[in-house]
Structures are given as C-alpha cells and as structure tokens.
Number of protein chains: 2
Amino acid sequence: MSIAKVLYVEDEPFLAQIVSDGLRSSGYEVSHVADGQIALQYFINERPDICILDIMLPMKDGYTLAKDIRKINSSTPLIFLSAKTLTEDVIKGFKSGGNDYLRKPFSIDELLIRMESLLNRFPKQANDHPEQKQLVYEFGNCRLDTVHQLLKTISGEYPVSFKETSLLEMMLLHKNQVLERQTILLKIWGDDSYYNTRSMDVFLTRLRKLLKDEPAIQIMNIRGIGYKLICS
Amino acid sequence: MSIAKVLYVEDEPFLAQIVSDGLRSSGYEVSHVADGQIALQYFINERPDICILDIMLPMKDGYTLAKDIRKINSSTPLIFLSAKTLTEDVIKGFKSGGNDYLRKPFSIDELLIRMESLLNRFPKQANDHPEQKQLVYEFGNCRLDTVHQLLKTISGEYPVSFKETSLLEMMLLHKNQVLERQTILLKIWGDDSYYNTRSMDVFLTRLRKLLKDEPAIQIMNIRGIGYKLICS
DNA sequence: TTTACGATTTAACTCTATTTAACTGAGTTT
DNA sequence: AAACTCAGTTAAATAGAGTTAAATCGTAAA
C-alpha cells in the first residue's frame with residue numbers, strides 16, 4: 001500500500017501536535033482537525049485510510065462523528081482515543097462503529113501498532129513480493145546457479161550448500177566492492193557472534209578452494225573490515 | 001452467525017472459570033485449555049472462530065502459540081490477555097499475529113465487545129468454505145490429482161496416499177519458495193514433535209523417488225529451515 | 001470377530017551441512 | 001621485536017536430514 005492518509009480529530013492542541021508528529025515521522029500523511037463538525041467534511045473530501053477520533057470534541061462528540069462516518073462508509077478503520085476509562089464508554093465506542101479504543105494516556109508506539117493492525121500492514125512473509133532476484137550468476141569462467149545450488153568452474157560442476165550459495169551470491173552482488181564481514185554475518189547468520197565468524201571463515205576457505213583454479217577470481221580480505229571479490 | 005466457538009488459553013484456574021462463565025452466558029461456546037502445547041492441538045481439531053490467549057503459559061508462551069497458529073491459519077482473530085502492561089509487550093503481541101491486546105485486569109464486558117468487533121471484522125469464512133482450492137496441479141511433466149490421489153509422471157500414473165498428496169500439494173502451493181518444515185508439520189501433522197519430523201522425512205523420500213525421473217523437478221532442502229520445490 | 005492390507009509411524013542406521021575447537025600465520029601496535 | 005588481534009586452515013564434533021526396513025495402526029473384507 002502507498003502512504004496511508006490519517007484523519008486525526010483532537011481538540012487539545014498540545015497532544016494533537018505530539019501525535020501528529022509521531023504519525024508523520026512513521027510515514028503517515030496526517031490531516032488534523034479540531035472540530036467534529038468539520039471532521040466529517042474532511043472525511044468526505046479526503047477519503048482517509050484510517051481515522052483517529054477523540055471523544056470529547058466541540059460541536060459534535062466522537063461517538064456521533066463515528067456514527068456519521070459509518071453512514072457514509074462502513075469499512076474505514078476508526079480508533080477512539082479517550083480519557084474516559086469506564087468500560088461503558090469503551091462499549092459505546094465500539095457500538096458507534098469504532099474498531100479500537102485507546103485510553104489516554106497512551107503510547108505513540110501502541111497507537112502505531114494498533115493502526116498497522118487495522119490497516120493489515122504486517123509483512124506476511126518474505127513471499128509477499130517474490131522479489132525478482134537474479135537466479136544465475138556468470139563470473140569469470142564460472143557460473144553459480146542459485147536455484148539448483150550448483151557451481152560450475154573450469155574444472156567441473158559442484159553442488160554447493162545453501163550457506164555456500166548465499167555467501168557467494170552475496171559477494172557476487174557486491175563484486176569488486178568491499179563487503180563488510182558484519183553485513184554478511186547479519187544477513188546470512190542472523191547475528192555476528194564469535195562462533196559465527198569462525199564458521200564463516202570455514203565457508204570462505206571452501207569457496208576459495210572451489211575457485212582456486214580460476215586465477216582471475218579471488219576473495220580478498222580487507223583486514224578489520226571485510227572482503228572484496230575480485231572478478232570480471 | 002451461528003454460535004461462535006472460542007478457544008481460551010489461560011493457566012490461572014480462578015480467572016479461567018470467571019471468564020469462561022462470562023463468555024458462555026453471552027452465548028459463546030468455550031473450550032478452555034491451560035497449556036500452550038495442548039492449545040495448538042485444540043486449535044487444529046476444534047477450528048474455533050476466535051482465540052483468547054494469555055501470554056504467560058506453561059510449555060509454550062502466548063506469543064509462540066500465536067505464531068504457530070498463524071502458520072496454520074492466517075485469519076482467525078486472536079486476542080491477547082496479559083498482566084504485562086509495557087508497550088513493548090503489546091507490540092510483541094501484535095507482531096506475533098495478535099489482533100488485540102487487553103491488559104489485566106480487564107472487564108468481561110470490554111472483552112466481549114472487542115471479541116464482537118473482531119468477529120464482525122473477520123466474518124467467519126476461511127474455515128467454513130475451505131476456499132475453492134485447486135484440485136489438479138500440473139507441474140513440469142507431472143500432474144497431481146488431489147481428488148483421486150493420483151500422481152502422473154513421465155513414467156506412469158501412481159496412486160498416492162493422503163499424506164503424500166497433502167505434502168506434495170503444500171509444496172506445489174509454495175513452489176519455488178522456501179517452505180518451513182515447521183509450517184508443514186503443523187499443518188499436516190498437527191504438531192512438530194520429533195517422530196513427526198522423522199515421519200515426514202520418510203514421505204519426502206517417497207515423493208523424491210516418485211519424481212526422480214523428472215530432472216527439472218527437485219525437492220531441495222535448506223538445512224535448518226525447510227524445503228524448496230523447484231519446478232516450472 | 002478375525003484377518004488382511006495399505007497407510008503411517010517408529011527405529012536403527014547413514015550421511016552431510018554446519019559449528020566448534022585447536023592450531024597456524026599474517027598484519028598492527030607498542 | 002614482542003605482544004596482540006584478526007584471519008585462515010584443518011580436523012573433530014554435532015545436529016539436521018535421508019534411507020530403509022520393521023512395527024503398528026486403522027479399516028474394510030471375510
């Protein structure tokens with residue numbers, strides 16, 4: 001989804017400023033309105049993706065506003081923010097069409113996560129965007145097939161393990177550039193603890209051994225920083 | 001909607017009794033379980049319409065349980081109930097697949113209205129209509145008929161068992177993507193205990209044997225993670 | 001109810017990717 | 001040059017995965 005538009009209705013200017021800033025710095029486009037009457041106009045004109053409503057408002061209270069919005073649109077998520085803590089107020093909030101109800105004071109982070117939840121913005125899996133990554137790499141006289149995990153060199157074709165494939169692929173994506181050790185570790189191993197660095201060394205040895213017959217290809221170490229894969 | 005089934009996971013007996021009674025007197029059908037490990041079994045067998053999970057549980061905590069449930073089913077609403085009040089716990093709850101998070105102590109009425117809200121937002125469906133799933137899959141030179149449980153390969157047509165069919169079908173639904181072992185186990189076997197993984201290995205061997213004459217089709221292992229079915 | 005059979009699980013064993021360990025060497029700092 | 005840190009090599013240990021066969025389970029026919 002592109003940038004989500006938020007309609008935020010709140011009459012207390014100080015809080016409104018803090019929350020608006022918080023939302024904006026998380027990438028939302030925020031329209032702030034202080035009055036319930038005007039808010040409905042905004043809703044109609046701006047078609048926000050989500051609304052955040054205070055309950056106590058001048059002219060038209062939050063419950064009424066929510067009901068009015070629901071007459072026009074039944075699906076846009078509505079979150080109530082209120083200092084009213086009684087259960088019956090919460091129930092009134094849901095009955096008037098709200099989808100969530102946060103008691104003041106609340107944390108911005110909690111508001112954000114609840115908004116995301118209502119907007120279904122959780123990255124389901126990496127599967128969502130089957131990113132069009134390259135499957136086969138040619139370099140020097142070699143070829144790495146990341147699908148079948150095969151490395152063809154001048155001296156033959158060898159099956160390589162998943163980690164070997166990942167490591168070589170990562171270097172190929174940065175060939176002739178410096179690639180930091182830590183970057184590799186974090187990406188492939190998930191953390192850069194001592195034993196994982198030792199483990200990576202072992203894999204480097206294996207890759208170097210596989211590529212030893214290709215004089216034009218070298219994995220160079222840059223001490224204290226990382227590696228550079230030299231190849232055409 | 002007919003009577004909604006609730007799976008309620010809570011290890012504190014006194015609270016569990018109160019909440020269960022409250023839900024029942026509001027017309028819900030409640031299954032109460034005190035243990036996270038067993039809860040997953042219940043989920044698979046009972047197919048509840050909504051789940052209410054405590055966070056602190058013996059055997060398997062609420063977050064982990066939620067993640068496991070999400071591997072099997074992505075739409076059933078999940079509500080966390082917890083004495084943990086920190087924002088970061090709330091965020092963890094949503095990140096692990098929860099749809100709402102209520103801090104203890106909470107009022108039964110608030111729980112009820114939030115349940116109702118979620119049940120309206122995710123109208124019963126996924127479970128009732130096991131969405132028009134594909135019955136026959138074509139891949140490479142093969143064809144899997146899930147109705148008659150027949151696998152046609154280049155070398156003939158073979159009857160396959162229910163588990164073989166399910167396993168292959170699941171891989172086909174994720175072909176050329178990484179599919180986690182645990183996801184398969186939870187979905188097909190219902191739990192990921194040791195012997196089930198061994199059993200799955202046996203089925204993989206059988207599938208690989210059946211598909212061995214199709215060089216373009218391979219079930220590749222990604223150690224520590226899962227499998228990838230390579231095919232067109 | 002018993003038997004027979006196929007489906008699935010359990011068991012025992014093998015193989016292999018990855019990690020751990022121990023040691024060696026190379027570049028840096030003092 | 002001594003001391004130190006980082007990196008490379010090799011081998012052993014571990015844990016994940018694969019294979020095969022035997023045991024068990026469940027169901028339908030006898």
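User: Which residues of helix H2 of chain B are buried?
Analyst: This is a predicted model. In it, the buried residues of H2, which covers residues 36-46 of chain B, are B:Gly36, B:Ala39, B:Leu40, B:Phe43 and B:Ile44.

User: Where do they sit around the axis of H2(B)?
Analyst: They are on the same side of H2(B), because they cover an arc of only 135 degrees around the axis. An α-helix has 3.6 residues a turn, so residues three or four places apart point the same way.

User: And what covers the buried residues of H2(B)?
Analyst: The cover includes three strands of chain B, S1 (5-9), S2 (29-33) and S3 (50-54). It also includes helices H3 (62-72) and H7 (181-189) of chain B.

User: What caps the N-terminal end of H2(B)?
Analyst: B:Asp35 does, with a side-chain oxygen 2.6 Å from the backbone nitrogen of B:Gln37.

User: Which residue follows H2(B)?
Analyst: B:Arg47 follows the helix, in the loop between H2 and S3 of chain B. Its phi is near 50 degrees, a positive value in a residue other than glycine. B:Arg47 counts as partly exposed, at 33% relative accessibility.

User: What about B:Gln149, what is its phi?
Analyst: B:Gln149 has a positive phi of about 50 degrees, and it is not a glycine either. This residue is in the loop between strands S7 (142-145) and S8 (150-153) of chain B. With a relative accessible area of 22%, B:Gln149 is partly exposed.

User: Switching to chain A. Is A:Asp54 buried or exposed?
Analyst: A:Asp54 is buried, with a relative accessible area of 4%. It belongs to strand S3 (residues 50-54) of chain A.

User: Which side chain does A:Asp54 join in a polar contact?
Analyst: That of A:Lys104, at 3.2 Å. Leaving aside neighbours within four places in sequence, A:Asp54 also touches others, including A:Val9, A:Glu10 and A:Leu81.

User: What kind of peptide bond joins A:Lys104 and A:Pro105?
Analyst: A cis one, with omega about -5 degrees. A:Pro105 is in the loop between strand S5 (100-103) and helix H5 (108-118) of chain A. In chain B, a cis peptide bond joins B:Lys104 and B:Pro105, with omega about -5 degrees.

User: Last one: how do the axes of H7 and H8 of chain A cross?
Analyst: They come within 11 Å and cross at roughly 95 degrees, so H7(A) and H8(A) are roughly perpendicular to each other.

User: Which residues of H7(A) meet H8(A)?
Analyst: A:Arg181, A:Ile184, A:Leu185 and A:Trp189 do, and among their partners in H8(A) are A:Met200 and A:Phe203.

How values were computed. Residues numbered from 1 in each chain as written. Chains lettered and ligands numbered in written order. Predicted model: local features only at pLDDT ≥ 70, side-chain atom pairs only at ≥ 80, totals over all residues. Heavy atoms only, no water. Axes fitted to C-alpha atoms, helices over the stretch in contact; angles between N-to-C directions. Helix = DSSP H or I, 4+ residues; strand = E, 2+ residues; numbered from the N terminus. Parallel < 35°, antiparallel > 145°, perpendicular 65-115°, else oblique. Contact = heavy atoms within 4.5 Å. Buried < 20%, exposed > 50% of the residue type's maximum accessible area, 1.4 Å probe, protein only. Arc of directions from axis to C-beta. Polar contact = N/O pair within 3.5 Å; in protein donor to acceptor, adjacent residues only side chain to side chain.
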